[in-house]
Amino acid sequence: MMSLLALGMASALSTATPRMETIRLPVGPGSTDYVALHCLAPGSTVARSAPTPGVLFIHGASFPTMLAFGFEFAPGDSWMSYMAGRGYLACGLDFLGFGESSRPAAMKVAAQDAPPVDRAAEAARQIALAVDYMRRQRGIARLHLVAHSWGTIPAATYTAGSPSTVASLTLFGPVVPKPEKHPEKVDFAWWPLSAQTRYEQLKFTDVLPPTMHLLEPAVHARWAGQFAASAPPSSKASNGDLRIPAGPLADLAAAEADRYPYAQDKVTCPVFVVLGDYDTVVDRAGGAAFLARFVASPLKWLVQIDHGTHVMHLEKNRHSLYSSVQAFIAAVEDQTP
């Protein structure tokens with residue numbers, strides 16, 4: 001007979017936080033470069049009669065999956081763990097040059113000596129690697145993409161080119177046209193960014209009222225240090241700054257000038273635009289106008305959440321974001337025969 005101590009240990013093990021698995025996916029035959037895919041298996045307590053659906057998170061222009069969707073505010077408390085706990089295989093991709101993915105040759109030379117790394121078309125091919133793994137190796141038939149900021153551009157590019165593989169597309173803080181802007185040309189491979197500088201930007205003190213502070217305490221305590229540690233020392237600039245791929249900067253400039261690498265009418269899955277009321281990249285009117293371009297989508301949702309900035313997934317109202325996206329995905333799943 002099992003002792004009470006053994007029973008307690010077995011119970012603790014059965015409810016333990018799922019372990020994050022990181023898979024390296026080669027970017028091409030014979031290439032030494034690879035992208036990292038972080039995955040959390042669905043919670044064991046979730047009962048499903050249908051096959052397990054999957055969610056693939058796509059990060060933005062400056063920090064990787066484990067500083068975004070996988071960032072743990074407490075053990076087992078992240079957006080990825082939230083979705084895994086509701087029965088989804090939750091995965092997040094690090095694009096080349098970010099997080100645990102390899103640094104391509106262009107990021108090891110002077111920035112002006114190579115073209116921008118990770119343009120949207122190239123990034124969409126990296127998304128294809130992750131989707132192929134989730135479908136073939138993990139048996140995911142229903143795959144939902146959730147993309148943030150710049151990541152919405154390669155995510156939509158992939159979706160437009162492979163419509164049969166995506167069940168829904170969530171665009172969190174999407175990059176919309178801003179004809180009044182005149183961005184500079186981006187003709188360099190990478191750009192330097194210090195962890196402290198990026199952390200300070202997350203506060204959005206130039207946008208929020210003086211008495212409003214939205215970042216979670218864990219972000220104040222640990223985010224900058226984890227961001228600094230997310231790049232190997234050998235890949236950093238001489239002053240310790242992180243080298244960030246410049247392809248996203250070029251894509252942001254093109255999108256603001258209303259030049260996208262995909263046709264919105266080629267996206268045939270449900271589309272969800274979600275944003276905070278203090279988002280500096282898109283406002284409600286801009287989000288609505290952008291969503292209206294997806295004329296072939298059979299279901300379109302638009303939600304604005306009060307007291308949220310462009311990094312709402314790191315803020316106090318993040319659970320409103322989580323539950324809104326999960327509700328949209330559930331609605332799509334409910335409509336599936």
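**Disulfide, fold and backbone**

Mentor: The link of cysteine 39 and cysteine 91 is right-handed, with 110° about the S-S bond. Cysteine 39 lies in strand β2 (residues 34-40) and cysteine 91 in strand β4 (residues 89-94), so the pair ties together parts that are 52 residues apart in sequence. Strands (E, at least two residues) and helices (H or I, at least four) are DSSP runs, numbered from the N terminus.

Trainee: What kind of model is this, and how are its residues numbered?

Mentor: It is a predicted model, in which local features need pLDDT of at least 70 and side-chain atom pairs count only at pLDDT 80 or more, while totals for chains, interfaces and linings use all residues. Residues are numbered from 1 along each chain as its sequence is written, and side-chain values use heavy atoms, with hydrogens and water left out.

Trainee: How far apart are the sulfur atoms of cysteine 39 and cysteine 91?

Mentor: They are 2.1 Å apart; a disulfide here is a pair of cysteine sulfur atoms within 2.5 Å. A search of the whole structure finds 1 disulfide.

Trainee: Are those two cysteines buried or exposed?

Mentor: Both cysteine 39 and cysteine 91 are buried. Buried means under 20% relative accessible area, exposed over 50%, and partly exposed in between (1.4 Å probe, protein chains only).

Trainee: Changing topic, how many helices and strands does the protein have?

Mentor: There are 9 helices and 10 strands. The radius of gyration is 20 Å, close to the 20 Å that the globule rule gives for 337 residues, so the protein is as compact as a globular protein of that length. That radius is taken over C-alpha atoms, and the rule is 2.2 Å times the number of residues to the power 0.38.

Trainee: And what share of the residues is buried?

Mentor: Of the 337 residues, 53% count as buried.

Trainee: Now the backbone: which value does phi of serine 149 have?

Mentor: Phi of serine 149 is near 55°, a positive value in a residue other than glycine. Most residues other than glycine have a negative phi. Serine 149 sits in the loop between β5 (143-148) and α4 (152-161), and is buried at 11% relative accessible area.

Trainee: Where does phenylalanine 204 lie?

Mentor: Phenylalanine 204 is in the loop between α5 (195-202) and α6 (217-228). Its phi is near 50°, again positive, and phenylalanine 204 is buried, with a relative accessible area of 12%.
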